[in-house]
Amino acid sequence: MRNDAPSRVELLQGTLDLLILRTLLAGPAHGHAIAKHIQRTSEDLLQVETGSLYPALHRLEAKGWIAASWELSSKGKRARFYRLTTAGRRQLAAEQSKWDAFARAMALILNPADQEAP
Amino acid sequence: MRSFLRKLGWLTRRSGKEAELGEELHFHLEEEAEERGAGGLTEGEARLAARRELGNLALVQENSRAAWGWFWLEQLVRDASYGLRQVRRSRLFSGMAIATLALGIGGITAVFSVFDAVLIRPLPYADADRLVMIWDYMGKADVMTRHNPTPPEWIEWRRLNTVFTDLASTQPGDATLSGDGEPEQVPARKATWNFWSVLGVRPIAGRVFTEDEDNQSMRVVVISYGLWQRRFGGSPGIVGRKISLNDEPYEVIGVMPRGFYFMPSREVDIWMPASFPAWMRRNFTWHDAQIVARLKPGVTLEQARQSMTALSLQVTAKDFRGPHPVIVMPLREEIAGKTQTALIWLLCASAALLAIACVNLANLLLSRGAARGREVAVRAALGAGRGRLAAQFLTESLVLAAFGTLAGLVLALPAMRFLERLVPEAMGAERLTLDWRVLAFSGAAAIGAALTFGLAPALGGSRLGPQEGLRAGGRGTTGGRSHWFQHALIVIETALAVVLLTCGGLLFQTFQHLRNTDLGIRSERLLTFETPLFRYKDFDRRVAFVNAELEKVRAIPGVISAGSINVIPFTNFANATFYRLEGQPAGAVPGQVALVRNVSRDYFAAVGARLREGRFFSASDQKSDSPVAIVNEQFANRHFAGRQELGQRFKFGNLGQKGYWYTIVGVVKPIRESGVLEEARLAVYRVLEQCDQIGDLNAGMVVRTAVEPASVVPAVRQAIWSLDKNQPLARIRTMEEIVDRQLATPSQSSALSGAFALLALLLASLGIYGVLSYAVSQRTNEIGVRMALGATSGQILIAFGKRGLALTITGLAIGLVLAAIAARSMTTLLYGFRPDYTPTVAAVSAILLAVSALACFIPARRASRVDPIVALRSE
């Protein structure tokens, strides 16, 4: 049964922070919503381990890139909402350009055909 | 920085954060369950699935908490307090561990404190590493290979050398301080004016003498801090004050700092200008200078050696004894002397002891780690990662090490008092203290030890998976894997113990040999002191005064006999002279040098010397043109082997036609004039009245007493003052003190090595015992099964005993090989003595086998006594 599920991609080291920051760009969200958003947006290719998510959230908060506050969820329950800070926005921009460069470099090497075409 | 403040803020509301995290995760679980419930699962199933998806809840919480603060620090505090609880809980184990560590760390701390004082601490000179001492090398001479240089050599070297910025010379020159208070003989040195500039030292008050003052023989002196405090009460007006030295007025112009000292002894109190008289400036045989030089920047020791040897051969080309090279030695090695090798050896030995202690503890902890398998498994199941467990074990080791170090420092203090005698004489009585360097060293040793003994158990203990540990049903795990490791540890500690025992045995043998060496005289109840004779200008008055002194001293109740000699035995290798035998060509014969000692008639009887041939001096030996002499056995053997030595004649070579011919009337058994540890060299004795006017400045007195020698000292003083109230007595010591002081290095190092070796033996046997007992307790079941299947208790005994003995023998073999290597590196500590290895090796092997047989037997016997029914029932 497991084999039929779409094969999942292991998260690269350090990319979870970037994904969280990018998700929060859309607006404040609680932990569960962040995980689901990443999963859905990646068409289920990325599954965020809860075991990594919460430590990562707390780490980002300690660094001052995100801030947390208790608010009511859409279903009216108290939930801890995270939102991006100004420092977080800067960090996101930096991380994203780094990632873009990395992805481009990977693509250039893995798909050399585009280059060889005259 | 902001992050730091945020963490600081969180630190204050810790429980609030804790509750928030709990609530946050709870919310997550509910959301997840709800979502899964919507997917068609029952509520219970959904909750379970959500819970499973989350994974190890405790681990998630712990990892999140990690972000809040200085997590590692908190963990350390928590682990340390847990470690403390462990220490309190298992008192026996902790006591053993702490005692073992205390021995190891105490030993190495004490040894390091001397090592630091002698070999590391900076010497009290500017840039002391660039200072060297230079000696004449007289390869062919009989008395010794190394001579003090002469004043003309100093002058020529200074003029012609290319490797030193400058050279300074000092010469012996004791002085009698009189005038205010009791006359006092103070140790003094004559120094050339550039002595302080070469050393790079300044006086704390006043100045040092100038080149002009030196050349013009001005009566100025620099005094030591000690003398300033002791004799002059630290008076600020000391500079410029006139004092009476050797009955002549001298002006004090400077005071040296408190920590200043220089070869040959810390006790020097007065430095006076060398002011070489004209005859001395030309005399290439006046070997009494001590020369210190500072290397030019960029010049290496080796370059200096080559350059100075070439220069010396050139300077001494016209010496009638032939040209000779020089020896250039770093000042540090010169001051440390033989102590250096002893200290290096002791430091290695104490490190080996600490290593044994660590190995032992590692074994203990491995055994205990296995016994704590269940605790580890529970912690692992609750979410402790492997690194976390290892960190916890290591912290516990550090807690043990901290206690061990404290106890070790307490042990080190008395050991340091004992080791103070190892500080070389040139440095004087240095107090050893637990200063920050020593404390830092023992701290580092403790951490190193904790890592050594804690790492293997930490890694081993944390390797257990939770299932493995829990499945074993609380009996602890047998951990077969770790057996080879524990066995290797036993072999290592046995081998180290064998090395320590063997080398300690060799040192002990050497010390016994030195102790029992025939010194040529009987040193018990023999008081010695010196009376300076400068007050008696001409020779006859000196002889008369010495004889009067002897007369007075002999009359004191409790004194059996008294004699005088120009140099007290064992204290000085100087006063050697060239001689030629009748029939040899005129002039001095190269290489023919003998120590010359001038004695009173009854000197030999007083010290208890033994005669081989002929006679000692007698009342008939009066002032005469045909004097007599007594030579020692070495002299007789060298020149008259197999021939009649009595009646042969010789004269002193440097006196040419003027000197008397001395007729040999006796041969005395060798007396080690140059030192207890120095082989006896050629020596010639003549009676005071018959000396050819070579005046000595001091008369050494020896007094044989029937009572404790120290008790007659006041009476002796009064007796001599009754002859001359300004006559000082110097260097009052018993012969036994002189001998003990010279044997200090071998005696302290052999005693300490012995102590280390015995402790090593004890620890190694405890190690074997511990590992075997543990194996027995772990395998009680197996033994029960075996016995139920018909094994006899004898077979079980042999099986266990064999294992222990096999380990011991392996360790013994490796240890003996290592000991042979170690023994080669410590030959200087054997003082030319070639100990017989066989008895030491045999004794070490026998002791080790006996002790380890006992250590094996006790647990093996317990194994053989296992009652199969009881053993199997405990299942």
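This is a predicted model: local features need pLDDT of at least 70, side-chain atom pairs count only at pLDDT 80 or more; totals for chains, interfaces and linings use all residues.
Residues are numbered from 1 along each chain as its sequence is written, and chains are lettered from A, with ligands numbered from 1, in the order in which they are written.

**View 1. Overall make-up of chain A.** Chain A contains five helices and three strands, which follow the pattern α-β-α-α-β-β-α-α along the sequence; helices (H or I, at least four residues) and strands (E, at least two) are DSSP runs, numbered from the N terminus. Of its 118 residues, 25% count as buried, a residue being buried if 20 or more other C-beta atoms lie within 10 Å of its own, exposed if 12 or fewer, and partly exposed in between, with C-beta atoms placed from the backbone.

**View 2. The side of chain B that touches chain A.** Here 22 residues of chain B are in contact with 14 residues of chain A, two residues being in contact if their C-beta atoms, placed from the backbone, lie within 7 Å. Helices α1 (2-12), α2 (14-38), α3 (43-54) and α4 (57-65) of chain B each supply at least two residues of this side, and α2(B) gives the most, with seven residues. By class, this side of chain B has eight nonpolar, six polar and eight charged residues, where Ala, Val, Leu, Ile, Met, Phe, Trp, Tyr, Cys and Pro count as nonpolar, Asp, Glu, Lys and Arg as charged, and the others, Gly among them, as polar.

**View 3. Helix α3(A) against helix α4(B).** The axes of α3 (residues 50-63) of chain A and of α4(B) come within 8 Å and cross at roughly 20°; axes are lines fitted to C-alpha atoms, for helices over the stretch in contact, and angles run from 0 to 180 degrees between N-to-C directions. The two helices α3(A) and α4(B) are therefore roughly parallel to each other, given that angles under 35 degrees count as roughly parallel, over 145 as roughly antiparallel, 65 to 115 as roughly perpendicular and the rest as oblique. Thr50(A), Gly51(A), Tyr54(A), Pro55(A) and His58(A) meet Leu59(B), Val60(B), Asn63(B) and Ser64(B), a contact with four nonpolar, five polar and no charged residues.

**View 4. Helices α1(A) and α2(A).** The axes of α1 (residues 15-24) and α2 (residues 31-41) of chain A come within 10 Å and cross at roughly 100°, which makes α1(A) roughly perpendicular to α2(A). Leu19(A), Ile20(A) and Thr23(A) of α1(A) make the contact with Ile34(A), His37(A) and Ile38(A) of α2(A).

**View 5. The sheet of chain A.** Three strands form an open sheet in the order β1-β3-β2, with antiparallel pairing; two strands pair if DSSP finds at least two bridges between them. The edge strands, β1 (29-30) and β2 (66-72) of chain A, each pair on one side only. Seven bridges join β2(A) to β3 (residues 78-84) of chain A, and Trp70(A) has Arg80(A) in β3(A) as its bridge partner.

View 6. Asp44(A), found in the loop between α2 and α3 of chain A, has a positive phi of about 65° although it is not a glycine, and Asp44(A) is partly exposed, with 13 other C-beta atoms within 10 Å. Ser217(B), in the loop between α9 (211-215) and β8 (220-223) of chain B, likewise has a positive phi, near 50°.
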